Amino acid sequence: MQKNQRAARVLSSALALGLVSAVLAGCSGTDTPSTADATAAPSAGGTLVYASGDAEPSCLDPHVGGNYPQALVSSQYLEPLFTKDAEGKIIPWLAESTEVSQDGLTRTIKLREGISFTDGTKLTSEAVKANIEHLQDPKTASSTGYLAVGKVKKIELPDELTAKLTLSAPDNALLESLSMPWTSIESPKALKRDQAANCAAPVGTGPFKVESWEHQKQVNLVRNEDYVAPVPEAGRSQQTAYLDGITWRFIPEAATRYAALQSGEVDVIDNAQPDTISSAAKDNALGHLDAPRPGASNRIELNSAKAPFDNAKVREAFIRSLDVNAGISSLYFDTAKRSYSLLSSVEPLGISDEALFTTDVAKANALLDEAGWTERDAAGYRAKDGKRLSVTFPVSTNQSVPAEQSLFQQFQASAKAVGFEVKIELLDLSSWYGALAKHEYNLVSAPYTKVGPSVLRILYHSDSTVPAPSGYFANNAQVKNDQLDKLLTEAEQTSDEAQRADLYAQAQKIVLEGYYVLPLYDQQNHFLYGKKVQGMGATTTVSSPTYYDVFLAK
Amino acid sequence: MAYLGWAARKIGGALVVLWLVATAIFIGIRMIPGDPAEAIMGGPGSQASAEALAAARAEFGLDRPIGVQYLMYLGKLAQLDFGTSYSLKRPVTEVMGEVLPNTLWLALVSLAAAWLLALLFAAASMRASRLGSWLGSMFEIIAAAVPHFWLGSVLIMLFSSALGWLPAVDNGTAAGLLLPVLTLALPLAGFLTQLMRDSLAAAMGSQFALAARARGESRLMVFWRHGLRHASLPALNLTGWAFASLLSGAVVVEAIFARPGLGRSLLSAVLARDIPMVTGIALFSALVYILVMAVAEGIEKFIDPAGAGA
């Protein structure tokens, strides 16, 4: 099932203003502030205070490193070449049009005319070249964006507005990759500054620009008075943003953030937790934006490279022993919908198979008996040849919210009933990556955000079991399957959209039916906002909200 | 001369302590899993290329043998060069200089508030009934024992969420400072009051207090001129320790109330394995601690003739 893609930047403003609350209510199942306000005419002025619970980025340029907190803030001042429309279709944004050669090896991108960066530099094809080269330069230290443009081998500029990219292999995910904030286009003149200067105030074409950065406190964004919308919205009273600016605060404590929202000190908070969303739903003054991230669903991966999960029966037994739905429903206060897919519900090419994941304790027991785990030790756990059926589950406290950690503890208890010992280890992010790099895990939950189904190749191709220089590898389930590899490679290279969908469907079936993965829910991404805030709902392709349409009620 | 000798011994001792702290940090942070080069490349789990990692290692000298790295590290510290933050790519001293005033201000105001509260509690306990006194000491014990993160969250829930009287996050105003200061000051005040109460009771019951009363001084005058001076001494001796405890409390309080400061820098630096940043802040904290203790001791020696000759 596909959720509504809310890349509503291209919706006409009348549509956005009239329907956004209805769309949101339909999507999130929670109330937005009184709909009477939402139909009010947009009024310009005022500064919105945003409170982020994420770690403060060390660099405001999302080319450097490249994580979600950077995407959240940089989408206000940087724009990508492509985006998605309300139906989830990739459309040009800073680009005007694009075409690919028959062999899929040459991608031509034509830019829109008349767009300028906030330092006065004109948007030309030179910028495309400078940005891709910036991403590929080891000195930039990009770890997300450089993967997205990894296949670009040569960039030629036939004219001022045209860039011709030569690829090392066909890549039908390139436009999706170029729609992500981590590959946004910055002023080539600004990129020539040293990295510290560029990190402090990246220069883009977006509706806002970075005015100043008070470290540990806030980033001050002001309206770009010369903003030209690449795809103009009809009926807007002004083509520039309505807000005078955004104060982008960093408030790490969830309880403090919510208290600040309730008392009106801030207007929007991110990383809203299930208990808060649930209590906010009872508070008519607060709105809720549920924006699941694209890419992979949140899921537990079972390490098939080592015992006991090298046996598919044991993997299925583990999954069948858990009552996932009851746990999610109670611990997430019904704010998260159960997923049966490898991909996020915003990904049109994701497939679901509920029957594979229904709870069946009797079957779990039978499977374990078949797999030879028939002994029981003194503590009541199953054993084979005197060895206990024990699995290690390192959990990152940075990536797993308290509700999820409680959910995993419930799983621990249900798995014990059929004879599994689950050892949950709560670790900080570095130690957690350290444990994964050393293969000290049987179970793991690792989020992955990316636009499009090509994330499947990153997560399940056997190439991804080979560690990066840092020791990182993405294929945590350690799936190594020649047929799957072939499907994933073909799916990435075909130029036929129907064939692409079919190949990815076959690939997903192999992973789902192999019980390598237990899907839980979409990557949760909830925002709460105060009564004054109107017009919330538009997001980038990675579901980070944009504030071009947002205004403050007087 | 004796004073100079004392100062020289103090400085020598301080240098040894700083060297030990620096060495402990160097060893400690390298024993934690995680590659420092990843911290440079935007955090753990980076998918940076081999070239990018190699470039980062070379830039920060991480490709040298560990012994060489240690000597280079000490050599730079000796020149007061704390290096460049891995994650922020800015000089450590610059980052610390930016946030230090916030933390010092918070600590000083909290220290003053703790003293004020402790004096009020101690004075009140003198006049209180037995039940009142018992309740008072229960309150002190609880106040001294509550963790900062708990107290801070409760204060926010009470005064920001429920009552809406005070801002939950620091907004630069005096009102914004009130909750963080209370969070730091209340436990310390409980501790200081406990220290003062016993010696206050002893002083107020002593011969000189009786004599003063006999001379016709009011009870309040006696309390103020004699009782308090005696009672304050044990607590004053602990001011160095108290200041250090406020600095460590700042780590929690700055995170809860979203205040910029040294504590918050330390927390994010530890999580990001930002070795230069952690080292800089830890060494600075050790230095502050040594300084406060030495100044307290120095003043004591200067004032007290019996001690100076020793």
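**Figure 1. The interface between chain A and chain B in the predicted model****.** In this predicted complex, 40 residues of chain A are in contact with 47 residues of chain B. On the side of chain A that touches chain B, at least two residues are supplied by each of helix 5 (145-148), helix 8 (195-200), strand 10 (245-250), helix 9 (254-262) and helix 15 (429-437) of chain A. By residue class, this side of chain A comprises 19 nonpolar, 15 polar and six charged residues. For the complex, the predictor reports an ipTM of 0.78 and a pTM of 0.86.

**Figure 2. The two domains of chain A****.** Domain 1 of chain A covers residues 5-291 + 525-552, and domain 2 covers residues 298-521. A distance of 31 Å separates the C-alpha centres of domain 1 and domain 2 of chain A.

**Figure 3. The contact between domain 1 and domain 2 of chain A****.** Here, 16 residues of domain 2 of chain A are in contact with 21 residues of domain 1 of chain A. Helix 10 (residues 274-281) of chain A provides four residues, the largest share of the side of domain 1 that touches domain 2. That side of domain 1 of chain A consists of nine nonpolar, nine polar and three charged residues.

**Figure 4. Confidence along chain B****.** Chain B has a mean pLDDT of 81, with 89% of its residues at 70 or more. Confidence in chain B is highest in helix 7 (residues 148-162), at a mean of 88, and lowest in helix 14 (residues 305-308), at 44. The pLDDT is below 50 over residues 305-310 of chain B, a stretch with six contacts in the model beyond near neighbours in sequence. Where pLDDT is low, predicted coordinates should not be read in detail.

Conventions: Residues are numbered from 1 along each chain as its sequence is written. Chains are lettered from A and ligands numbered from 1 in the order in which they are written. This is a predicted model: local features need pLDDT of at least 70, side-chain atom pairs count only at pLDDT 80 or more; totals for chains, interfaces and linings use all residues. Two residues are in contact if their C-beta atoms, placed from the backbone, lie within 7 Å. Ala, Val, Leu, Ile, Met, Phe, Trp, Tyr, Cys and Pro count as nonpolar, Asp, Glu, Lys and Arg as charged, and the others, Gly among them, as polar. pLDDT is the predictor's confidence in each residue, from 0 to 100. Domain bounds come from an automatic or database domain assignment.
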